[in-house]
Amino acid sequence: MRHVDLPVMPPVSPMLAKSAPTLPRPEALDGGALYEPKWDGFRCIVFRDSDEVELGSRNERPLTRYFPDVVEAVRRALPPRCVVDGEIVVAIDGRLEFERLLERIHPADSRVRKLAAETPATYVAFDLLALDRESLVDVPLEQRRAKLESSIRADESVYLTQATDDVTVAEQWFASFEGAGLDGVVAKAKAAPYAPGARTMIKVKHVRTADVVVAGYRLHKTSKPEQPLLGSLLLGLYDDAGHLQHVGVSAAFPAARRAELIEELHPLVINPASHPWAGWAAAEVSDRMPGAQSRWNAGKDLSWVPLDPVLVAEVGYDHMEGTRFRHTTQFKRWRPDRTPSSCIYEQLDEPVSYHLKDVLVSP
């Protein structure tokens, strides 16, 4: 990423959040609390120096080439010299669509340009790290927010996130905004400076459980032939046509448990040709299937071991993205009392529909 002459130089690690079961009361945070919707997209810090724009990801990887539409929108809406923290999202029919956002990470420039026209992205700003030649990282959030509100210009592709200091309103957002594809609420201390890379914010996300079929597993990255370790369980749900769909993974296991699971699951290992997902090993299959290449890490080994799909597990999840769990699920327990055929989509909680236009705020 090119370095520009700004008080805050790229790359910069964004300020992060730690999870909590409930929203903190305003008095629990320094100077009171400011609550914001938790966006479900690509975290992105924007660096602008006149016509030069750089987009940096949460992991400090450059996003600029993948989002030419966001670059142009930033030139229209943000101050000529600034560093802004926010989120890149893609919305379809009034709802955030993370899978469509993932499609934008493509190696071919022609494909990137085509998708930018077909599924344009939106930038949602929520913090201001620098303005002109003034660094704001040590300025309290409440003042940074005020400067951001007065600096951003109206644009159809750049918005300012909503914010409130009323916990009752934030709780209403938590209950309703999920219907537009958002996945929770973030609480920030009004008097806090910007702390790159530190988990100083608090996030509250939806937590639910589902019964799923365990249809395979991947080995852990530290696994060795003499000591195999399970990395993640591959999970499935049956659709209305009776097909077992790959819906996500469960991966957080202690080291000792990873070795035990290999032994426990060994009797269920079957020939890939007899597995319901046998055809998904073909090169032309969707990138959402087991064994497909990762857009973010081309060298990552995504090979998997097929299991006879007879085991049922209960997992915790936050929300769905299309037909899949949006994030890695949390293994809760085995469910020997449930049959695999009972693991269907109908069991999942469906949030009430809520249009994204009612969440976004125009400057």
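**Reading helices, sheets and salt bridges**

Modeller: The buried residues of α3 pack against α1 (68-77) and α2 (98-103). This is a predicted model: local features need pLDDT of at least 70, side-chain atom pairs count only at pLDDT 80 or more, and totals for chains, interfaces and linings use all residues. Residues are numbered from 1 along each chain as its sequence is written, and side-chain values use heavy atoms, with hydrogens and water left out.

Biologist: How many helices and strands has the chain?

Modeller: Helices are DSSP runs of H or I, at least four residues; strands are runs of E, at least two, and both are numbered from the N terminus. Here the chain has 6 helices and 19 strands.

Biologist: What percentage of the residues in the chain is buried?

Modeller: Buried means under 20% relative accessible area, exposed means over 50%, and partly exposed lies in between (1.4 Å probe, protein chains only). Of the 363 residues in the chain, 51% are buried.

Biologist: Among contacts between residues at least 6 apart in sequence, what percentage joins residues at least 24 apart?

Modeller: A contact means heavy atoms within 4.5 Å. For this chain, 73% of those contacts join residues at least 24 apart.

Biologist: Back to α3. Which residues of helix α3 are buried?

Modeller: Val112, Leu115 and Ala116 are the buried residues of α3 (residues 109-118). They cover an arc of only 105° around the axis, which puts them on the same side of α3. The arc is that of the directions from the helix axis to the C-beta atoms. The face turned away from the buried side carries the exposed residues Ser110 and Ala117.

Biologist: Now α6. Which residues in helix α6 are buried?

Modeller: In α6 (residues 255-265), the buried residues are Arg258, Leu261, Ile262 and Leu265. Down the axis of α6 they fall within an arc of 105°, so they line one face of the helix. Exposed Ala256 and Glu263 sit on the face turned away from the buried side.

Biologist: What covers the buried residues of α6?

Modeller: The cover includes β13 (208-219), β14 (230-238), β16 (305-317) and β19 (330-334). α6 lies across these strands and runs at about 55° to β14. Axes are lines fitted to C-alpha atoms, for helices over the stretch in contact, and angles run from 0 to 180 degrees between N-to-C directions.

Biologist: What order do the strands of the open sheet have?

Modeller: Strands of a sheet pair through backbone hydrogen bonds, either parallel or antiparallel. Two strands count as paired if DSSP finds at least two bridges between them. The open sheet of 5 strands has the order β15-β14-β13-β16-β19, with antiparallel pairing. β15 (244-250) and β19 stand at the edges, each with a single partner strand, so one side of each has no neighbour in the sheet. Neighbouring strands of this sheet are turned by 50° against each other on average, direction ignored.

Biologist: Over how many bridges do β16 and β19 pair?

Modeller: β16 and β19 pair over 4 bridges, in the antiparallel sense. Glycine 316 has glutamine 330 of β19 as its bridge partner.

Biologist: In which sense do β1 and β12 pair, parallel or antiparallel?

Modeller: β1 (residues 16-19) and β12 (residues 199-205) pair in the parallel sense, over 4 bridges. Serine 19 stands opposite lysine 203 in β12. β11 and β12, however, pair in the antiparallel sense, over 4 bridges. There, valine 185 has valine 204 of β12 as its bridge partner.

Biologist: What is the count of salt bridges?

Modeller: Side chains of opposite charge can pair when their charged atoms come close. A salt bridge is a side-chain nitrogen of Lys or Arg within 4 Å of a carboxyl oxygen of Asp or Glu. By this rule the count is 25. One joins the side chains of aspartate 85 and arginine 43 (2.7 Å, N to O). It links distant parts of the chain: aspartate 85 is in β5 (residues 81-89), arginine 43 is in β3 (residues 42-49), and they are 42 residues apart.

Biologist: Is aspartate 85 buried or exposed?

Modeller: Aspartate 85 counts as buried, at 1% relative accessibility. Arginine 43 counts as buried at 14%.

Biologist: Where are glutamate 178 and arginine 208?

Modeller: Their side chains meet in a salt bridge (2.6 Å, N to O). Glutamate 178 is in the loop between α5 (167-176) and β11 (184-189), while arginine 208 is in strand β13, 30 residues apart. Glutamate 178 is buried at 5% relative accessibility, and arginine 208 is buried at 13%.

Biologist: Which residues are linked in a network of salt bridges?

Modeller: Asp211, Glu314, Arg333, Arg335, Asp337 and Arg338 are linked in such a network.
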